[in-house]
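Dear colleague,

Please read them alongside the coordinates.

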Amino acid sequence: LFNFRPIREMSSRVILGARVQVDGPQGDKGTVGYVGPIQGAKLKEYIGIKFDEKRPRGHDGTVKGKRYFQCPVGFGSYLHPRRVLAQKSFVEALEIKYLGKEDPDQKRIDQLAKARKSSPQTSPETQPQASNVDFKLVGEAKIAKILENIESLSQISLDSLRIATAGDENFLKRLKTLENLSLENNLLNSWIELGKILKFSGSRSLKELNISQNQLPALDTKEFTQIFGDTLSSLEVLVMNRVPNVWGIIKALTADKRLENLKELHLCHNKLTTIPHGALLPTNLPKLKLINLEMNSLSNLADLKPLQSFRLSQLMIGGNFVAKLRDSKDDEIHSSSWDRKLPICQSLKEFHLQDNNLGVEGTVQLVDFFRSFESLDHLRLIRNPEFYKVFKSEGDARMFLIATLPRLSMLNLSQVRTSERNPAERFYLRWCIQASKAENISPSKYRFFDEYKKKHGHILLEKKKGLQKLSKRLMKLVFECGTMHKEKKVPPSITISKLKLLSRRLFGLSRSNPITLHFKSIKDGCTQHLDDDSLPLRHYPIGTGDSLLVNMS
């Protein structure tokens, strides 16, 4: 608890108990715990702050044995008033961003940025160099004039503007058509103030709300009714990344079908380890289709069992620590039982699992798990080392997944093309033969083996007689560099780095200038950046007749 004194305003508009930010719009945030002198210090007035995050030289509010405010060890600090940027109201921030009103703290922020640029710690080589290219913003005045018409704004973004209160209620009533509101990375710590913003703005048609990175307190169901009423009844997208007490808040927000129209829920960077019982109920969220739990601390898909009753189409849990597919007590379950004991809903069409540790329970078991989702056609599995270490390259892993999950149309954000399917099926046949020898079982035990053998068996027999001619496996590509065009046949196994060397030779390009490669599909005209020099060309959905665009940086 803070040692609160009677609230008094300072010249910098910082008051005791207020939320503040330090050193610019991306600085550390905290709550003012003390305003006044410190015994033995030079200044007449200091500001004591309890920060949201632990600081390297932080303390607990004590200086030389005397306590001025209370906070956990490492979270407290005393600062010069000039370093503290006071909170703003929603109306003030709106006037600054959309109506051209001057920000009283902007000069201090600019001076700080200038001082940092001229700091001796920043070498001249790392400082951004001024461009000699003259440019003019076209249509800026027209856009500014449109934004001045506050009454007609349907989308408002006031991120990182230190908003903590609502402001003038009469001004808020002018916002009659608000549908999309973003208040990310502000100083909101009161549901009452957020409720005022939404109530007085007449936002009964609000579709999207982003309140990420705000230190909002716990909320119960009674408070919700008093604060919000029916202002969130039409909400379709809710974003609450880096928000404390998030499950308790979600439970209060969604109770009694208050958010029955919600379709998307984003809860990233909240250090979540599981979904508590009763936090998410399908009866309260009948229209929910997407849940984003990326960058949390999930370790087991069984922890997502509360999602089993939802009819989700998209689930995103990338950037966690997921290694297990089920509880240890269910380890005896055979892979064929996935359809009966799925830890999450079967209706998924898009599943993001990148940057985890899946594959510990076995490659075949993981694929069987994915196959149990009858509608799954988008999968993101990149950077799961336990799965990928089984294969020689990411290209081989891609072919394995395409062959074993034939319904996929998008894999790792890359479209699965028809031309990839036959090579993938043949790769899978060879993989099954090698794996069966290692496990001393028949290759027919692997799913799809007999089907693909019937389709491609003659090719496997030809390979036994002798190596296939290289010319039959080459892809004919059109290399384009500016106005120059050249055709060249290349093997699918060529790496992107070697492809760049080939491009330099074809067009006589200097090695001193870096180049980038993109391929353009001959069928649909779509382009994709070949961004990883170590990957083979077959990793990308490129085929004979496509164009390779060579660009000099």
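Which residue lies over the face of F51, and at what distance from the ring centre? R55 does, at 4.0 Å from the ring centre, where a charge counts as over a ring if NZ of Lys or CZ of Arg is within 6 Å of the ring centre and within 35 degrees of the ring normal. The charged end of R174 likewise sits over the ring of F171, 4.8 Å from its centre.

Please note that this is a predicted model, in which local features need pLDDT of at least 70 and side-chain atom pairs count only at pLDDT 80 or more, while totals for chains, interfaces and linings use all residues. Residues are numbered from 1 along each chain as its sequence is written, and side-chain values use heavy atoms, with hydrogens and water left out.

The whole structure holds 19 aromatic pairs, that is, rings of Phe, Tyr and Trp (its six-membered ring) with centres within 6.5 Å, called stacked with planes under 30 degrees apart, edge-to-face over 60 and tilted for the rest. F69 and Y78 are edge-to-face, because their planes stand at 75°, with the centres 5.5 Å apart; both residues are buried (under 20% relative accessible area, 1.4 Å probe, protein chains only). F448 and Y452 are stacked, 5.6 Å centre to centre with 15° between the planes, and ring pairs place these two in a cluster with others, including F387 and W431.

An open sheet has the antiparallel order β6-β3-β2-β1-β7 (strands are DSSP runs of E, at least two residues, numbered from the N terminus, and two pair if DSSP finds at least two bridges between them). Its edge strands are β6 (76-79) and β7 (84-85).

Best regards

Conventions: Helices (H or I, at least four residues) and strands (E, at least two) are DSSP runs, numbered from the N terminus. Buried means under 20% relative accessible area, exposed over 50%, partly exposed in between (1.4 Å probe, protein chains only).
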